Amino acid sequence: MTSRAYRVALPALSAVAVLALAGCQPEDLAAEPGSSGAAPGGGPVEGFGASPLDNPDGTKPGLAPLTSEADRAEARKIIEKVATKGRGPKTGYDRDEFGYAWKDSVDGIPLSRNGCDTRNDLLARDGKDVALRSGSDCVVVSLTLKDPYTGRTIDWKKQKATTVQIDHVMPLSYDWQMGAARWNESKREQIANDPLNLIPVDGPANGAKSDSGPAAWLPPYKAIRCSYAVRFAQVSLKYDLPVTAADKKAMLAQCGG
């Protein structure tokens, strides 16, 4: 794919490139403890991007909450298809087993071989008010992100790069333990760079997740948890990777199962 159609054109790049501050600001949509975070009446929660039900290949931006009963029922149908097995040993796992980070030349996945590395593709996909480095068609230097994991808005600049990190929804070491250790290098590179498995999120939240499955970690923003479970299931099904029984139970629970 060579088109950068998902990037918004910026008429005054130099002006946009300087944002006021980097960091997280609380949003009215952030869920209070014990609340679902859903909009009144079960309507859509705005600003997070596409529903995972409408984004099966991960090319659309963001991860929107699923709030209607019909969507949550559809979510449970997807999760029910996921196979289960015990988590295997981590022996032999290394990040390099999945290729070097953010490789552009991975065949068989969307957004590959477009001249931009995976990280910048994902920042451009999900960010608002995206500004690029002067003279570059790829390198994102600032953006605004509606973070699905915390429910907050992050004004990000490249000088504080770790404020936003790219999360592997189904963590690579988890993949390794559930069967990827037996894959060839090409397939491991695909899951490591597939936009279906990648979401720009709040850096500290991503660090807290580490390589946990849904039974051990879920996004702090409760409204997004069903969508997160669906995305985890979508990656599992695409790559024929099982999850643990505890993780599947937790995934179903987020969608009312």
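1. L111 counts as buried because its relative accessibility is 5%; buried means under 20% relative accessible area, computed with a 1.4 Å probe on protein chains only. The residue is found in the loop between α2 and α3, where helices are DSSP runs of H or I with at least four residues, strands are runs of E with at least two, and both are numbered from the N terminus.

2. The model is predicted: local features need pLDDT of at least 70 and side-chain atom pairs count only at pLDDT 80 or more, while totals for chains, interfaces and linings use all residues. Residues are numbered from 1 along each chain as its sequence is written, and side-chain values use heavy atoms, with hydrogens and water left out.

3. W102 also lies in the loop between α2 and α3. Although not a glycine, W102 has a positive phi of about 65°. Most residues other than glycine have a negative phi.

4. One cavity of 30 Å³ or more is found in a search of the whole structure. A cavity is a set of points on a 1 Å grid over the protein atoms alone where a 1.4 Å probe fits but cannot get out, and lining residues have an atom within 4 Å of a point. The largest cavity holds about 70 Å³ of space, the volume being that filled by probe spheres set on the points, which are joined across faces, edges and corners. Among the 13 lining residues, P110, L111, S112, T118 and N193 are the closest to its centre. Helix α3 (residues 118-126) supplies the largest share of the lining, three residues.

5. Helix α7 (residues 225-238) has 14 residues. Of these, 12 are buried, so α7 is largely enclosed by the rest of the structure. The buried residues of α7 pack against α2, α4, α5, β6, α6 and α8. After α7 comes D240, with a positive phi near 55°.

6. The largest nonpolar core has 45 residues, and Y149, I191 and F232 have the most contacts inside it. Such a core is a set of buried Ala, Val, Leu, Ile, Met, Phe, Trp, Tyr and Cys residues joined through side-chain atoms within 4.5 Å. Helix α7 gives the most to this core, with seven residues. F232 is one of the buried residues of α7.

Note on methods. The expected span of a helix is 1.5 Å times one less than its number of residues. Buried means under 20% relative accessible area, exposed over 50%, partly exposed in between (1.4 Å probe, protein chains only). Contact means heavy atoms within 4.5 Å. On a 1 Å grid over the protein atoms alone, a cavity is a set of points where a 1.4 Å probe fits but cannot get out, and a pocket is an open set with protein on both sides within 12 Å along at least five of seven lines; lining residues have an atom within 4 Å of a point.
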